[in-house]
Amino acid sequence: MIKYIIIAVVVVVLLAIILGFISAYNTLVKLRNSVEEAFATMDVYLKKRWDLIPNIVASVKGYAKHEAETLQNVITARNARYQDLSVDEKLEANKELSRGLASINVVAEQYPQLRANENFMNLNNQLQRTEDDIANARKYYNAVVKSYNNKIQMFPSNIVASMFNFKRQTMFAVESSEERENVKVEF
């Protein structure tokens with residue numbers, strides 16, 4: 001009789017462990033998919049900003065011909081085909097674009113007639129809305145990444161994470177003091 005009780009206890013413990021592993025694995029998959037979805041959402045707004053840049057640069061070029069270096073830096077940061085970039089390359093390219101947009105702001109402030117240009121103002125308003133959307137998407141992405149990273153680092157799900165090669169994700173962070181300042185896009 002004791003033999004059957006021991007077997008029953010062992011079976012129940014093994015079943016609990018197996019169910020715990022299955023639950024941890026499913027939770028990790030769900031969180032990983034949430035991270036991918038959050039990045040995809042943010043990526044839509046980053047792509048929208050990416051596509052606005054040539055129009056803004058073209059508007060500024062007409063007024064600021066001698067500011068070629070500033071404009072060239074923005075164009076260089078934007079030249080790659082967006083869909084061909086990796087996630088890390090997209091994040092890095094968008095950091096460069098943020099710096100370039102700040103430079104364009106300085107140039108535009110020197111040209112009142114540019115600030116009054118209806119096409120430029122329309123592009124500027126679109127960019128402002130896109131920057132707001134990026135900020136909101138960044139917050140959501142970072143919150144999801146935090147949950148995911150917590151799960152893969154906490155016991156016992158960290159065991160399942162290492163067994164099935166779940167990797168820590170990087171948050172979308174502001175790295176320099178220049179980037180921490182608002183990109184002023186009101187001209």
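**View 1. Tyr 25, Phe 164 and Phe 166 form one aromatic cluster.** The model shown in this and the following views is predicted. Three aromatic pairs are present in the structure. In the pair of Tyr 25 and Phe 166, the ring centres are 5.8 Å apart and the planes stand at 75°, so the arrangement is edge-to-face; the angle qualifies because planes over 60 degrees apart are counted in that class.

**View 2. The pair of Tyr 25 and Phe 166 links distant parts of the chain.** Tyr 25 belongs to helix α1 (residues 2-63), whereas Phe 166 is located in the loop between α6 (157-163) and α7 (177-180). The two residues are 141 residues apart. Tyr 25 is partly exposed, its relative accessible area being 30%. Phe 166, with a relative accessible area of 7%, is buried.

**View 3. Arg 138 is placed over the face of Phe 172.** The distance of Arg 138 from the ring centre is 4.0 Å.

**View 4. The largest nonpolar core comprises 35 residues.** Met 42, Leu 46, Ile 56 and Tyr 141 have the most contacts inside this core. Helices α1, α3 (87-109), α5 (118-153) and α6 each contribute at least two residues to the core. Its largest share, 14 residues, is drawn from α1.

**View 5. Ile 56 is shown with the residues that it touches.** When residues up to four places away in sequence are not counted, Ile 56 touches Ile 104, Phe 120, Leu 123 and Leu 127. Ile 56 is also one of the residues with the most contacts inside the largest nonpolar core.

How values were computed: Residues are numbered from 1 along each chain as its sequence is written. This is a predicted model: local features need pLDDT of at least 70, side-chain atom pairs count only at pLDDT 80 or more; totals for chains, interfaces and linings use all residues. Side-chain values use heavy atoms; hydrogens and water are left out. Rings of Phe, Tyr and Trp (its six-membered ring) pair if their centres lie within 6.5 Å; planes under 30 degrees apart count as stacked, over 60 as edge-to-face and the rest as tilted. Helices (H or I, at least four residues) and strands (E, at least two) are DSSP runs, numbered from the N terminus. Buried means under 20% relative accessible area, exposed over 50%, partly exposed in between (1.4 Å probe, protein chains only). A charge sits over a ring if NZ of Lys or CZ of Arg is within 6 Å of the ring centre and within 35 degrees of the ring normal. A nonpolar core is a set of buried Ala, Val, Leu, Ile, Met, Phe, Trp, Tyr and Cys residues joined through side-chain atoms within 4.5 Å. Contact means heavy atoms within 4.5 Å.
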